[in-house]
Amino acid sequence: TSTAHAATIFSDDFQDGNASGWSTSGGSWSVVTDGSLAYRQASTSSDAKAQTGSIAWTDYAVTARVKPLAWSGTDRSVGVLARAQNMTNYYQLGLTNGGALQLAKRVSGGLQVLASAPAGITTGTWYTVRLGVFGSTPPGLLDGNPLISTGDSPFNGGRVGPFRRDRS
């Protein structure tokens, strides 16, 4: 047998020192040094999202290293977006301040939690999150371990990016 490999359609490790090609909504985004260069969102006063890519992207996985630094209240999360139609319609896989990995979708800005699993999340720690959107089952992985999945498919394709939720 052989191993199947997919092509990388996008990659940005920010080692060029900039975030060219990214669109943002809310927050305070910048490329900073944190061991290596990273894209950081520093504000805890509002929801914040950044997106890049194409609305035509369909079956893919988005992987990112995520480090929560602070929480501004309860029911907060940080993570990655996938199949983003715009800044108010997308899937999100996030680390919550309640110590869980949470898969949710936003439709017209409204949040619907699809699945959640305990994960022991702490601030100041790097985690690798992966949200795969293949067909109608977006699975969520934390540090390489599959923790959650569910069947749901309102968005057929879309962009990728990080997010921070600071409002319910």
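This is a predicted model: local features need pLDDT of at least 70, side-chain atom pairs count only at pLDDT 80 or more; totals for chains, interfaces and linings use all residues.

Residues are numbered from 1 along each chain as its sequence is written, and side-chain values use heavy atoms, with hydrogens and water left out.

**The cores**

- The largest nonpolar core holds 24 residues, and Leu-93, Val-129 and Ile-148 are among those with the most contacts inside it. (A nonpolar core is a set of buried Ala, Val, Leu, Ile, Met, Phe, Trp, Tyr and Cys residues joined through side-chain atoms within 4.5 Å; buried means under 20% relative accessible area, with a 1.4 Å probe and protein chains only.)
- Elements giving two or more residues to this core include β5 (60-66), β7 (89-96) and β10 (127-133), and β10 gives the most, with four residues. (Strands are DSSP runs of E, at least two residues, numbered from the N terminus.)
- A second, separate core has six residues, including Phe-14, Trp-22, Trp-29 and Tyr-39.
- Leaving aside neighbours within four places in sequence, Val-129 is in contact with residues including Val-62, Val-80, Leu-93 and Leu-142. (Contact means heavy atoms within 4.5 Å.)

- Eight of the eight residues in β7 are buried.
- That goes for both faces: Asn-89, Tyr-91, Leu-93 and Leu-95 are buried on one side, and Tyr-90, Gln-92, Gly-94 and Thr-96 on the other.
- In a regular strand, side chains alternate between the two faces of the sheet.
- β6 and β7 run antiparallel, joined by seven bridges, and they form a hairpin with two residues between them. (Two strands pair if DSSP finds at least two bridges between them.)
- Within that pairing, Val-80 has Leu-93 as its bridge partner.
- β7 also pairs with β8, again antiparallel, over six bridges, and Gly-94 stands opposite Gln-102 there.
- The hairpin of β7 and β8 has three residues between the strands, and Gly-99 takes a positive phi near 80° in it.

**The open sheet**

- Four strands line up as β5-β10-β11-β12, with antiparallel pairing.
- β5 and β12 (145-148) stand at the edges with a single partner strand each, so one side of each has no neighbour in the sheet.
- Seven bridges link β5 and β10, and Val-66 stands opposite Tyr-127 in β10.

Methods. Buried means under 20% relative accessible area, exposed over 50%, partly exposed in between (1.4 Å probe, protein chains only).
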